[in-house]
Amino acid sequence: MIAALHARALRASVTPLRPFTRGLFSQSAPQSRRSPLVTGFYAAAFALSAGLFTVYYFDARSNLHRYIVMPVMRGLFDAETGHKLAVQVLRSGLSPRDPLPDDPQLKCEMWGKVLSNPIGVAAGFDKHGEAIDGALQDLGFSWVEIGSVTPQPQPGNPKPRMFRLSEDDAIINRYGFPSQGHAAVVARLRKRTPKFLAPEQDTAAFKPHALLAVNLGKNKMSPADSAEDFVSGVHAFGPHSDVLVINVSSPNTPGLRGLQDSELLQNLLAEVANARSLLSASSVVANKPKLVVKLSPDLTKQQLFGVAEVIRNSSVDGVIISNTTVQRPDSLKDSNKGEKGGLSGAPLKPITLAALKTMRAELPASIPIIGCGGIATGADALEYAKAGASMVQVYTSFGYDGVGACRRIKDQLLMELSKEGKSWQQVVDESIARLSRKKTLTTEGEVKALAASTL
Ligand SMILES: Cc1cc2nc3c(=O)[nH]c(=O)nc-3n(C[C@H](O)[C@H](O)[C@H](O)COP(=O)(O)O)c2cc1C
């Protein structure tokens, strides 16, 4: 009895599906009697929604990426696989695009060059220079920093070596410079060089108002205190870059941070500057690359004073503050907080800002500082400008928010700037004038000139 009832109920529940399944799957079914008008309507509706979806997908501003694609990626893939996939999508040219030109209020001046906005992508995202144009042309960054690149190829540390701290909007990584080595990355940069360069083309970014930086690392097996790996980086990448970043601050290569010791740093910077002066004219870039040092946020005040003194007496053109930290603030909640490596993202911001303020007061206005650490919003970027940064870079927030991160930060920044009634460059100029180290007056003439100018 129960079996009979069950069978009837089953028949009843299947019956309504019949006409539908027959239309879909049965060869012998009669041809659809739907009028051509209805079919046309369905086809048009399908084409329209596919078109709208495509437009929505390719617009970097759409919330699809931040609220659907990125959480799904995080659910499906571990942090390193997600990172690799992101680079490959950007490389493929199938990534979404920032559809808007940058507002003139966002213009940012670096070494006399005008960048269209002050947001760069930090080193470590595109380690091998595979997705430069994706980040520059499609996502709207004005500065792309590839690397760190080491002279010889090396695998980096054993996996797993990248961990999300989702509860803290942070990442811990101990990659240890996996790198394809100088030769492979230089070959990739050569391939990217256009056959015919427009006369007004004067940067290695091959995009107006943007810069390409190469971050130089050191092989694990190289002697800890030697400058050789950086010197060979200058020779290899000098002709293909606008900026060379001397990375003495990654926490995952034994001995690297020791190069921030005053004496070693002085020697290193002298050798690197000498190598740059020996570069012959490049067929790609009009000028020799700027030299920028990337510092750790974990230096004590005394150490920062020492580093600043060395930098003041060197030919270094700029400083990036900062790399990841080995500190673990008490505020961390995520279960991955105990992993070894460098912490980046939101919890890094106060640590980096403190180091930046110290350095800004120790460096003259002529040496710009690029702020990097926990920047996720336009308000964060403005906070850095007010602390004396000339421009900023992002990594972790880009990793969490996806392709729209740069556009969103720029839009928020514009709103913040309009509240201030100032452009980015005005905020930067005022902060630098107020916060940077004033020239020490050494002669009586200089003292008199200053007194006269302030009357
Ligand atoms: C997964 C990962 C890999 C990184 N690799 C490098 C690197 O190779 N070289 C480097 O100078 N910095 C590297 N960094 C540091 C970033 O460039 C940046 O300085 C740091 O993450 C702080 O910025 P953020 O808080 O916006 O992420 C890496 C950071 C992360 C999260």
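In this predicted model, the cover over the buried residues of helix α5 includes helix α6 (132-138) together with the strands β5 (162-165) and β6. The buried residues of α5 are A79, H83, A86 and L90, and they lie on the same side of the helix because they cover an arc of only 60° around its axis. The length of α5 can be checked as well: at 1.5 Å a residue, the 14 residues of this helix (79-92) should span 20 Å, and the end C-alpha atoms are 20 Å apart, so the two values agree. Just after α5, G93 takes a positive phi of about 80°.

Strand β6 (170-173) also takes part in the shell around the ligand, where β4, β6, β11 and α13 each supply at least two residues. Of the 28 residues around the ligand, A122, G124, S344, Y395 and T396 come nearest, and by class the shell has 11 nonpolar, 15 polar and two charged residues.

Helix α12 (residues 378-386) packs against helix α15 (residues 424-435) at an angle of about 35°, with the two axes 8 Å apart. In this contact, L382, A385 and K386 of α12 meet W424, V427, V428 and S431 of α15, and the classes represented are five nonpolar, one polar and one charged residues.

| Site | Nonpolar | Polar | Charged |
|---|---|---|---|
| Shell around the ligand | 11 residues | 15 residues | two residues |

Conventions. Residues are numbered from 1 along each chain as its sequence is written. This is a predicted model: local features need pLDDT of at least 70, side-chain atom pairs count only at pLDDT 80 or more; totals for chains, interfaces and linings use all residues. A residue is near a molecule or strand if its C-beta atom, placed from the backbone, lies within 6 Å of it. Helices (H or I, at least four residues) and strands (E, at least two) are DSSP runs, numbered from the N terminus. Ala, Val, Leu, Ile, Met, Phe, Trp, Tyr, Cys and Pro count as nonpolar, Asp, Glu, Lys and Arg as charged, and the others, Gly among them, as polar. The expected span of a helix is 1.5 Å times one less than its number of residues. A residue is buried if 20 or more other C-beta atoms lie within 10 Å of its own, exposed if 12 or fewer, and partly exposed in between; C-beta atoms are placed from the backbone. The arc is that of the directions from the helix axis to the C-beta atoms. Two residues are in contact if their C-beta atoms, placed from the backbone, lie within 7 Å. Axes are lines fitted to C-alpha atoms, for helices over the stretch in contact, and angles run from 0 to 180 degrees between N-to-C directions.
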